[in-house]
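Biologist: Could you take me through this one, and tell me what stands behind each term you use?

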Amino acid sequence: DIDSDPNTAGVQPTTTTSAANGTYSFSNIAPGNYQVVQTVPAGYVAINDVDGGDPTVIGNVTPIGVLPGQTVSGRDFVDAQRGTISGTVRTDTDGNGTGDTAQSGVVLTLKDSSGNDIDSDPNTAGVQPTTTTSAPNGTYSFGSLPPGNYQVVQTVPGGFNAIGDADGGNFTVIGNVTPITVLPGATVSGRDFVNQAPGAITG
């Protein structure tokens, strides 16, 4: 941190806030090399900046060199609103292949577009899968997602078979046939699974 008030004990970070038009500036700074770090607002994710690398920091890849009397412009950040994927898990009770009643307690796992687990806790060693469980009304959702393509995989409960989903193909996976594309700030709904309890014949 660069001390904004040397007359006060401790280091007072030098900060500014972006204006209504998104611009920001630091003025009256001594010549030298600098970095600018943004605090990403809640509900957003940093997706790019002018020098690559960590999209929350400009100057960590290519230092921002300021010469005497020079204004260095174009030190830009790009953020995007986070999105949501939602759907339901239902059971077919009349044999017509469509969901009739809610199925709660079903574990659903979020994957990337290639079917790899998405780490829910990067601060812990290894990959911690991102999961949720269907509610009593059968609904589920994954929120606060960066824009991108995803898959959702259900763990079919014991005593049931998966018989349908929103995109066909493997009925335990949605997004393997048609990727679930989350745009900035968007909610992708209707990513539904249908399960069915098998019957029996005796004699």
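Biologist: What makes you say that Ile85 touches Leu110 and Val152?

Modeller: Contact means heavy atoms within 4.5 Å, and Ile85 meets that with Leu110, Tyr140, Phe142 and Val152, among them, once residues up to four places away in sequence are left out. This is a predicted model, where local features need pLDDT of at least 70, side-chain atom pairs need 80 or more, and totals for chains, interfaces and linings use all residues. Residues are numbered from 1 along each chain as its sequence is written, and side-chain values use heavy atoms, without hydrogens and water.

Biologist: Which residues have the most contacts inside the largest nonpolar core?

Modeller: Ile85 and Val152, in a core of 15 residues. Such a core is a set of buried Ala, Val, Leu, Ile, Met, Phe, Trp, Tyr and Cys residues joined through side-chain atoms within 4.5 Å. Strand S11 gives the most, three residues; strands are DSSP runs of E, at least two residues, numbered from the N terminus.

Biologist: Why is Asp51 called buried?

Modeller: Buried means under 20% relative accessible area, exposed over 50%, partly exposed in between (1.4 Å probe, protein chains only). Asp51 has 14%, so it counts as buried. Asp51 sits in the loop between strands S3 and S4.

Biologist: How do you know that the side chain of Asp51 reaches the backbone nitrogen of Gly59?

Modeller: The distance is 2.8 Å. Gly59 is also one of the contacts of Asp51, along with Val57 and Thr62, among others. Val61, another contact, is 10 residues from Asp51 in sequence and 6.1 Å away, C-alpha to C-alpha.

Note on methods. Helices (H or I, at least four residues) and strands (E, at least two) are DSSP runs, numbered from the N terminus. A polar contact is a pair of N or O atoms within 3.5 Å; within protein, one must be able to donate a hydrogen and the other to accept it, and residues adjacent in sequence count only if both atoms are side-chain atoms.
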